[in-house]
Amino acid sequence: MSTSSPVPLPLLPAGGPGPAEESPGTPYKQYVYAYPHQKAYRALEAGPLLSELWSGERLDALSLYVHVPFCEMRCGFCNLFTRTGAPERITTAFLGALERQARATREALEAQGREIRFTLAAFGGGTPTYLTAAELTRLCDICEDVMGADLRAVPWSVETSPATATADRLAVLADRGATRLSIGVQTFLEDEARAAVRPQKRAEVDAALTLLKDAAFPILNIDLIYGIQGQTEHSFRKSLDAALRWEPEEIYLYPLYVRPLTGLADRHRESTGSWDARRLRLYRSGRDTLLAAGYEQTSMRVFRRPGTAAVEAADADGISEYNQQAGMVGLGVGARSFTTGLHYTTDYAVAVPEVRRIIDDYIATPAEDFRRARWAFRMDDDERRRMYVLQTLLESGGTSVRQYRERFGAGPREHFPAQFAELSARGWAVEDGTGVLRLTTEGMAWADAIGPLFFSARVNEAMDAYQDR
């Protein structure tokens with residue numbers, strides 16, 4: 001039985017980007033790192049108890065995600081759930097609420113009477129290292145003493161920024177066994193940083209990277225962005241060369257998106273057609289530079305330096321850009337949790353007043369209210385199939401036809417005939433000799449247009465109905 005979208009698929013022109021950002025011809029439709037997006041979640045009248053949600057789930061291979069919704073500044077392109085300049089009274093109160101949430105969550109897991117074990121952990125945001133060294137210590141204590149995660153024994157990733165990657169903070173993370181530090185540099189050129197409304201100095205970036213290298217975390221990741229106004233292939237190459245001099249184990253290349261309610265929304269004047277073409281050129285230039293430098297591409301954004309034990313261990317542990325699966329336990333306002341039947345989170349917004357209101361509401365949440373899911377999206381078999389395809393197809397490993405069939409009872413092309421026919425016709429996906437559906441080199445370049453093809457009508461309708469705030 002086919003579960004492809006009931007609406008006709010848009011035709012994606014193979015020759016190049018289309019004239020408008022929301023036209024189906026753009027290579028940059030939507031960054032898909034989890035499915036569905038939080039804009040598809042809705043408030044529940046009487047949400048289920050967490051103890052009920054987790055009753056049928058596997059508990060011996062859980063992932064822990066902590067969302068710290070604070071940053072020292074808000075970049076012009078940022079539409080993440082974060083607040084800038086939060087005073088100590090707010091961060092202290094946030095950690096208090098997070099501990100209440102952790103205790104309620106742990107109680108729900110313990111109610112199942114089975115072994116509880118975390119095998120992955122990540123601190124994201126926002127900027128987790130916005131917290132002071134003492135606050136980071138308390139956060140780690142909550143994860144270890146309350147949630148029961150052994151941070152020193154699992155792959156554990158933390159996001160940081162040039163301004164907050166200080167020696168005392170990094171010392172806490174190193175002592176607790178963090179295995180991967182990801183720093184959002186975005187550009188090494190100060191004029192491009194200003195154009196992206198990101199006031200950072202090159203000296204600050206180099207100082208932070210020096211501290212990160214001295215701390216000797218097993219994996220250092222550097223984030224870069226392409227598509228900034230005024231950026232050229234030559235200037236992007238300068239940032240790439242600067243990043244490569246630090247010999248990071250990973251480099252992420254992100255296309256710039258300009259979204260509603262962000263700082264760049266009213267400033268960006270470049271026509272979408274020319275911007276798409278320039279972003280695509282910059283992507284290809286960056287990709288080719290990193291491949292020539294010995295990196296391997298694992299998704300549209302991710303490039304890893306092979307041959308290091310830490311990177312090989314990360315691959316073995318299943319760490320990926322699209323690390324979404326049932327068994328993800330989220331803590332903190334903005335964090336998502338995934339069970340087989342329900343994805344749940346907190347309220348979501350981008351605009352500064354709304355973000356502050358939601359954080360204040362989270363801080364004021366009593367322990368009892370943390371025992372229920374409050375904002376959620378209900379999963380069914382069709383949505384689980386879509387999530388699985390997105391997790392696998394958008395990565396270099398591809399979608400194994402055999403594994404998909406074993407899990408869902410039919411092949412991926414039987415469930416999504418129109419989508420895979422379209423990808424095949426465009427030369428964006430092929431089935432190799434091992435029975436794996438993979439994106440081609442050109443397909444990888446168009447991954448942000450391919451991902452939304454697999455969204456269900458239900459998800460699209462919910463996202464379209466969401467009011468940006």
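Leu224 touches Val185, Gln186, Thr187, Phe188, Phe236, Ser239, Leu240, Ala243, Ile251, Tyr252, Leu253 and Tyr254, leaving aside residues up to four places away in sequence; a contact here means heavy atoms within 4.5 Å. The model is a predicted one, in which local features need pLDDT of at least 70 and side-chain atom pairs count only at pLDDT 80 or more, while totals for chains, interfaces and linings use all residues. Residues are numbered from 1 along each chain as its sequence is written, and side-chain values use heavy atoms, with hydrogens and water left out.

Leu224 is also one of the residues with the most contacts inside the largest nonpolar core, together with Leu64, Phe188, Ile222 and Phe454. This core has 126 residues, and its largest share, nine residues, comes from α2. A second, separate core of 14 residues includes Phe77, Ile225, Ile228 and Tyr252. A nonpolar core is a set of buried Ala, Val, Leu, Ile, Met, Phe, Trp, Tyr and Cys residues joined through side-chain atoms within 4.5 Å. Buried means under 20% relative accessible area, exposed means over 50%, and partly exposed lies in between (1.4 Å probe, protein chains only).

## The protein as a whole

The protein has 17 helices and 18 strands. Helices (H or I, at least four residues) and strands (E, at least two) are DSSP runs, numbered from the N terminus. Of the 469 residues in the protein, 58% are buried. Among contacts between residues at least 6 apart in sequence, 77% join residues at least 24 apart.

## Strand β9 and its neighbours

Strand β9 spans residues 250-255, and six of its six residues are buried. Both of its faces are covered: Glu250, Tyr252 and Tyr254 are buried on one side, and Ile251, Leu253 and Pro255 on the other. Strand β8 (residues 219-226) runs parallel to β9 and is joined to it by six bridges; two strands pair if DSSP finds at least two bridges between them. Within this pairing, Ile225 stands opposite Tyr254. From β8 the chain passes through helix α7 (residues 233-244) to β9, a β-α-β crossover that is right-handed. A crossover has this hand if, with the strands pointing away from the viewer, the path from the first strand over the helix to the second runs clockwise.

Strand β11 (residues 302-304) runs antiparallel to β9, and three bridges join the two. Here Ile251 stands opposite Phe303. Phe303 counts as buried because its relative accessibility is 0%. Its contacts, not counting residues up to four places away in sequence, include Glu250, Ile251, Leu253 and Arg287. Phe303 and Arg287 are 16 residues apart along the chain, and their C-alpha atoms are separated by 8.3 Å.

Val258 lies in the loop between β9 and α8 (272-292). With a relative accessibility of 13%, Val258 counts as buried.

Helix α6 (residues 202-215) has 14 residues and reaches 20 Å from its first C-alpha to its last, close to the 20 Å expected at 1.5 Å a residue. The expected span of a helix is 1.5 Å times one less than its number of residues. Val205, Ala208, Leu209 and Leu212 are buried in α6. They cover an arc of only 100 degrees around the axis, and therefore lie on the same side of α6; the arc is that of the directions from the helix axis to the C-beta atoms. These buried residues pack against β6 (156-160), α4 (167-175), β7 (180-186) and β8. The face turned away from the buried side carries the exposed residues Ala203 and Asp214. Just after α6, Ala216 takes a positive phi of about 60 degrees.

Helix α10 (residues 352-363) has 12 residues and should span 16 Å at 1.5 Å a residue; its end C-alpha atoms are 17 Å apart, which agrees. Its buried residues are Val355, Ile358, Ile359, Tyr362 and Ile363. Seen down the axis of α10, they fall within an arc of 140 degrees, so they line one face of the helix. They pack against β3 (70-71), β4 (83-84) and α2 (88-110).

## A three-stranded open sheet

Three strands form an open sheet in the order β16-β18-β17, with antiparallel pairing. β16 (399-400) and β17 (429-431) stand at the edges with a single partner strand each, so one side of each is left without a neighbour in the sheet. Three bridges join β17 to β18 (residues 436-439), and Glu431 stands opposite Leu437 in β18.
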